[in-house]
Amino acid sequence: MKAIYKSTRVSLEVKRIINGLKSGELEVRNVPKEFALDSNVLKVERKLGLRKSGHRGFDVIAQTFFVEEDWFYKDLSGNLVSRLHKMTFDYFEEYYEFLDGDIYEDACYYQYAFEDEFSKKINLDIERLTKVKSFVTETLDDYSCERSQDEIESYERCEKVNKKCVRQWLNKFNACDTYEQFKKVCSNYEKSIVSQYKSVEFFFFQYIFDTKCSKKHLDVILEYLSNDYYFGDNVVMGLCLVFTPKVILDKYDFSQASVATNRKRKKEVKDFVEDLKNQDIEMRVICYFDKATHFYCEVTKVFRYYNCQGRKTLNQRRSVEVCRAFETFDEFIKYRNGNLKNCDLSGAIDLDVDFSKYATDDTTKLPIREDANLSCKVLKAYKNGEFVVCQFWSNEDKKIVKQQVHRFRYFFDFVAFLKGDLSGSDLLFCTGMKNLSNIDEINLSDVKMTSEICEKLNVQYKSYDYDEKLIGEFPVVEKNEEETALVLQSSRRIVSYERSMFSADLSNMFLWESNRISYISDLHLMHRIKNAGCKSKEDVIYTMKKIIDSILADSSSLTLIGGDVSSEFSIFELFVKMLRKLAGLRSRNFVFVLGNHEIWNFPGLPMDEIADKYRTVLKKNGMFLLHNDLFYRNESDDIGIIPYDELIQSDNKALLEKLRCARLVILGGLGFSGYNEDFNANDGVYRATVDRKTEIQESKKFEQLYDKLTNVLAKKNTVIFTHTPKKDWCADADFHNDFVYVSGHTHRNIFFDDGVKRIYADNQIGYRNESPHLKSFLMDGEYDYFGDYEDGIYEITSQEYQDFSRGKNISMTFNRQVNILYMLKKNGYYCFIHKTKTGSLSLLNGGALKKLDKKDINYYYDNMELMIASIETPLNNFIAYQERIAEQIKKIGGSGWIHGCIIDIDYYNHVYVNPVDMTIRSYWASDIINKLVYPTVPSLLKAECPDLYANYLKLIKGEKSNLLAGEQIKNEIALLPQEYLETDIYKASREIKKMQKLNSNVLTTWYDIVPEKNKLPEK
């Protein structure tokens, strides 16, 4: 924190801020940063009650002084609310001045000696300052599995008040015999306190479950849902689960909106009924004791499938729910026929029942009995910047029946809560433990800390001895590493080699991440452990976590780890487990190949058995090993491996069919060095595990697989992922232009990518580098569903059309009923045409249809090349011009995003390029209607984007011309922006976007008159 600015004279700006605070026009959080710590401003804020200091003191772990403050401000409703802020200071003097000497109340200075120069100058009451040892007053002993008094009181209050109120409202609802009565009760309920913790829909279902008059109630509630409850479609669908769906469809007549909306709502219910009929749903039933109402509930949830770009996907975020509630356990268990499976009754703490009479399993959670024989386990740790104590109580079956979590910002509270017993704590990543000056009252036995901190605090630790025989270097490799160190350390800005990215649709942005592939090889963890001077197992874990944190910080959805992770199997296993744990539930996939160092630990074992050991470890942790195998990814959630035996035994046609929808394939393995006569098994590359003869056999094995699959993989987005470079495992050292090659092993970091030949061997970490990081490359995310079709006209299904579009990353909704759907393929280009029963033809553009004049499908096939040429030649010129403008916009800090005819400067400001005469118009737009058009780009930048305008002025210095400059306008009136409400620019832009789909080789527009070659077609 910066020093407090003390001033006896109050500047005009400070006076303005103070007046703003007093009038309420300015809030604490909005005070300009340069005046936020002005002593005059702080005094006024405190005097006005806008800033209130709470806990303060010294954090021994962070070595900073802190003040916790509540800042008060008015919310949108005008109510005064507060938000907690924490101020930190490096020096006691700054802290003292910020508080204006108010350092005694609500303060804790655990292990601060007050020996700094400033402390010695002022008269401090040291005894008073050091008296408070913590903020917390409770200890671990105050918490047990027994119910606390607060829990008991809360439970009893809910039983007496909430349950009673719910019962009264149930009676009110169930007493309604007419629509008018029901509507009035609903209106009154929405104004009640009960509605704050229980939705009215809970009462809807209890109303229709009322056995006395359910038929009459059904008529009443359907009339209400039709006329008054706007968001009642889920309730109506729920009723279809209780009553005959046809009855519901006949009675439900939604009439609260436009004719179109009314029709849509009724259709949604019909569609749901159809899904039920076809069993195209997933149904789940859960039961629980509702802690808010103290009723026993059974909830039926129905999840539906939806069409996600032609892919049938279960919507797990939204479900149709029906809740049936019972006031007593006896009613509930009778309805359930004694079945308590999938029931959570843990909240029913006063339920005294013999549960042995009922059906239970692992999904059943029962309330804790007072006489239960429970064991308690306490975990103590430092995690994510805070100290945590977790208590777990388990029954005799080892099932956790209760848990309690306590969190502490400060070490002194952690110590006080545990009464100094920190034994067994995991404080490995609390590096601030080294700052402790006194541990006499703290039990640190069996605490996880680095050996360095243990030695400083005189705490014993178990030493870790690694096998130094498993650490070794090769002179030729060390030389390579030294010579290419700069290549390893350099980072590359990822730039797509695909022309289509310059004109991508916004809907495809989500695909970029899945197309980015991260890679790293030759981590050599045993060298990392040795170089870090690890003396204990905790040191090893600490060292590995830093490496893994670096990997995860840069990792994409797919990361390749290219061998030589560790020559010690147990360290490899620990790395994989930690990687999975730290990656958590995030959608990240890791694909490994083995390196020669992974082989060292297994002399005498066949290669396949060694691979199986590593494969088992990786599979347990949700990762993949490629050892002469093929990895494929169809969609983000559709990943698989084709093993070696299947690859060898299957013919290429069968493999092509299996990979028809593959967005990415990776052929991977160690590769070995069978063709390397200079550095191989004879040099001890695999130690005693693999000899030269076996090495040659293994290389030929992978080479034969590569040769067999080349024609298949050339049609896919393919990565060849090996530990050794291609020249080591293949007689033909040339690289295939359709493949990306990723390798390691040599420690000679090389990178080559000219858009044709692509080699990524520039992230081999090696023996000495202590800053491992990932690098990445981009892959084309498309696949061609009809890639193996010859030129011609084909009848296809609606699903095949959707599969093709999904493969081309064309976002669309296509739910049309089709008669005949044609696919025209010619010279790698596609065109899709629908034929009606009357013979009319329409061109498909995504899910939209455009009627064509002629009825002869052969006409369109014969003229495809002519139409494509007429669009593509001028379009290429147009796109190139746009790209040059976009590049200039990027240079001044703008977006440069191209969509159709429009190039974004930022969210509100844009450049429109006229496709007919190539003129540029710049405009500001809040939406597609309201626009201000500026005569030039510079005039727009000056008015709307001053920072970018300053960058523009710097850019044009020394330049004779600039695309953004446009024509010089001297008339000041002409420089003013003009309001423009028409939407014609978007219509033209949409046409250009259609043409740009030619970049995906899809013809989606057709002009009957072939235009001249020097301009774009006009409509």
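Is Lys-246 exposed or buried? Lys-246 is exposed, at 56% relative accessibility. The legends below describe close-up views of a predicted model.

**View 1. Arg-304 and Asp-275 form a salt bridge.** Their closest N and O atoms are 3.0 Å apart. This pair links distant parts of the chain, with Arg-304 in strand S6 (residues 296-308) and Asp-275 in helix H12 (residues 259-277), 29 residues apart. Arg-304 has 22% relative accessibility and counts as partly exposed. Asp-275, at 13%, counts as buried.

**View 2. Glu-45, Arg-46, Arg-51 and Glu-69 belong to one salt-bridge network.** The four residues are joined through salt bridges that share partners. The structure as a whole holds 41 salt bridges.

**View 3. The side chains of Glu-27 and Arg-29 meet in a salt bridge.** The distance from N to O is 2.6 Å. Glu-27 counts as buried, with 18% relative accessibility, because buried means under 20%. Arg-29, at 42%, counts as partly exposed.

**View 4. A patch of negative charge lies on the surface.** Asp-150, Glu-153, Glu-156, Asp-350 and Asp-352 gather here. One of these residues, Asp-350, sits in the loop between strand S8 (343-344) and strand S9 (375-383).

**View 5. Helix H16 has buried residues along one face.** Which residues of helix H16 (residues 475-483) are buried? They are Val-477, Asn-480 and Glu-481. Viewed down the axis of H16, the buried residues fall within an arc of 100°, so they line one face of the helix. Pro-475, Lys-479 and Glu-482 are exposed on the other side of H16.

**View 6. Asp-522 has a positive phi.** The phi angle is about 55°, although Asp-522 is not a glycine. For most residues other than glycine, phi is negative. Asp-522 is found in the loop between strand S12 (516-520) and helix H19 (525-531). With 0% relative accessibility, Asp-522 counts as buried.

**View 7. Phe-672 has a positive phi.** What is the phi of Phe-672? The value is about 65°, although Phe-672 is not a glycine. The loop that holds Phe-672 runs between strand S18 (664-669) and helix H26 (692-713). Phe-672 counts as buried, at 1% relative accessibility.

How values were computed: Residues numbered from 1 in each chain as written. Predicted model: local features only at pLDDT ≥ 70, side-chain atom pairs only at ≥ 80, totals over all residues. Heavy atoms only, no water. Patch = residues over 30% accessible without salt bridge, like charges linked within 9 Å, V, L, I, M, F, W, Y side chains within 5 Å. Areas by Shrake-Rupley, 256 points an atom, 1.4 Å probe, with all protein chains shown as cover. Lys, Arg positive; Asp, Glu negative; His and termini not counted. Charge placed at Lys NZ, Arg CZ, Asp CG, Glu CD. Helix = DSSP H or I, 4+ residues; strand = E, 2+ residues; numbered from the N terminus. Buried < 20%, exposed > 50% of the residue type's maximum accessible area, 1.4 Å probe, protein only. Arc of directions from axis to C-beta.
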